[in-house]
Amino acid sequence: MPHVKRFARYANQLERLVASAANGNLSQEHKQQIALALDGEPTAKLKQLESIERLRQSGAFFTGTLLAKQLVRTLIPQLINGVSVHDFACGTGNLLTACAYHLPTSGDLQQTLKLWGEYLGGNDIHEEFVRVARARLVLVAIDRGVTGLVPAPKNIFPRVTTADGFDQALVATPQCITLNPPFTMTVAPTNCTWAAGQVSTAALMLERCVLNAKPGTQVVAILPEVLRTGSHYERWRHVVERAATIESVEIVGLFDNSTDIDVFIVRLTVCGSGETSKESWWKSDRTEDIRHTTINDLFDVRVGPVVPHRDPHKGQWYPFITAHHLPAWATVNTDIGFAHRRFSGTTYTPPFLLVRRTSRPGDKHRAVATLVTGRRPVAVENHLLVMKPKDRLLRTCNSAMQRLGRTEVDTWLNERIRCRHLTVKSIKEMPW
């Protein structure tokens, strides 16, 4: 980020605040400055320096205070007794400061910071962020009422360093890893076993943690929703499950108003192979005692095969359906008034349902459907999901469209998949 160096001014400001507030005689102004520094001020300062678009590209979004508290909630008993924690993408230290509020203190400020320096580790590629993280950890101790002289910055938190989380060899000692990795895309390394091409940086970082940490290490991470339910990451989920047991999966919703990304919190315990997770990424991953009828039992579900700007206009002429002008919750007859195009791939003969792939939590309906009738085979664009009834009956399509409009379907899909696009698998798994 071109303006991150200017963030050093904020680091200087916090280090001056630490020096002036450490003696314990806190003025009201000191208290207000500390409260701001520990509750969202670093994010606000960064947004003044960088555009939202640039922050999204770099993935430099810091965990909000409430979300950080939510993540460390289950670690509080261990933190109270003293536990070593490492954050491999620590940013300005929001997860580490949330942990520090529960760590034991020891005598004066110097002794407490020395103790916390043994417990807390983290790294980030930006030195300015690391400086802010260290200063904020000192402010947590001051906020907790610990007073005394402040050691030189280079002598505190030796395990909070400027480094790339991927380059760092995982320290063997951490008992817990907290993680809010970048939500960016990167090229999969050559040794990636579950995907090629562009993949989530967050997926790679969590995979690295669970494959290299020692057995028994707890991992708590904030991850983008696509990792929990996206079809592209199904093999990644299997890799993680083979290396760690899933203790819990907690749906959060939007990370914040700037990122426009839904996230979840996963809590894992690194283990040997063969151990069974207590939870699953999604509850329908588990085999239920009672077998319910699903959409998959009654319909073949596929993504529309036409990619309008890529597929050559070759082959026979067919009625062509796109999502753009398709009426919601209605019936259309493709024999009347439909545009045509040449297409040589798979076509579908009515009756069938079309469901818009673009769908997000908060929409009035998650699975917006249209019933397609007519006599001729139809070409369907790739922004639509095709639900073809296995019994080929119109009444089955009508029944399904009525069901898709129900509130229960919206509730189910909001838990099942909070990505911006519905997947074939999520529709197939839907209870009938």
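This note goes through the structure point by point, from the whole chain to single residues.

1. Basis of the model. The structure is a predicted model, in which local features need pLDDT of at least 70 and side-chain atom pairs count only at pLDDT 80 or more, while totals for chains, interfaces and linings use all residues. Residues are numbered from 1 along each chain as its sequence is written, and side-chain values use heavy atoms, with hydrogens and water left out.

2. The chain as a whole. The chain has 16 helices and 17 strands, where helices (H or I, at least four residues) and strands (E, at least two) are DSSP runs numbered from the N terminus. Its C-alpha atoms fill a box of roughly 85 × 45 × 40 Å along the principal axes. Of the 432 residues, 50% count as buried; here buried means under 20% relative accessible area, exposed means over 50%, and partly exposed lies in between, with a 1.4 Å probe and protein chains only.

3. Among the contacts with a separation of 6 or more, 78% join residues 24 or more positions apart, a contact being heavy atoms within 4.5 Å. There are 52 positive and 40 negative side chains, and the centres of the two sets lie 5 Å apart; Lys and Arg count as positive and Asp and Glu as negative, with His and the chain ends not counted, and each charge is placed at NZ of Lys, CZ of Arg, CG of Asp or CD of Glu.

4. Strand β9 and its partners. All 9 of the 9 residues of β9 (residues 262-270) are buried, so this strand is largely enclosed by the rest of the structure. Asp262, Phe264, Val266, Leu268 and Val270 point one way from β9, whereas Val263, Ile265, Arg267 and Thr269 point the other way. Strand β7 (residues 218-224) runs antiparallel to β9 and is joined to it by 7 bridges, with Val220 standing opposite Arg267. Strand β8 (residues 244-254) is also antiparallel to β9, through 9 bridges, and there Leu254 stands opposite Asp262. Two strands are taken to pair if DSSP finds at least two bridges between them.

5. An open sheet of 3 strands. The order in this sheet is β13-β11-β16, and the pairing is mixed. Because β13 (340-343) and β16 (379-380) stand at the edges with a single partner strand each, one side of each is left without a neighbour in the sheet. Strand β11 (residues 316-321) pairs with β13 in the antiparallel sense over 4 bridges, and Gln316 has Phe343 as its bridge partner in β13.

6. α9 has 17 residues and reaches 24 Å from its first C-alpha to its last, close to the 24 Å expected at 1.5 Å a residue, the expected span being 1.5 Å times one less than the number of residues. The helix is mostly covered, with 13 of its 17 residues buried. Just after α9, Gly145 takes a positive phi of about 95 degrees; Gly145 lies in the loop between α9 (127-143) and β3 (160-162), and with 54% relative accessibility it counts as exposed. Gly145 and Val160 are 15 residues apart in sequence and 23 Å apart in space, C-alpha to C-alpha.

7. A buried loop residue. Ile417 lies in the loop between α15 (407-416) and α16 (424-428), and is buried with a relative accessible area of 0%. Leaving aside residues up to four places away in sequence, Ile417 touches Glu225, Arg228, Thr229, Arg366, Leu422, Thr423 and Ser426.

8. Backbone details worth a look. Most residues other than glycine have a negative phi, and most peptide bonds are trans. Trp329, in the loop between β11 and β12 (331-333), has a positive phi of about 55 degrees although it is not a glycine, and is partly exposed at 30% relative accessible area. Arg392, in the loop between β17 (384-389) and α14 (394-404), has a positive phi near 65 degrees and counts as exposed at 66% relative accessibility. The peptide bond from Pro350 to Pro351 is cis, with omega near 5 degrees, and Pro351 lies in the loop between β13 and β14 (352-356).
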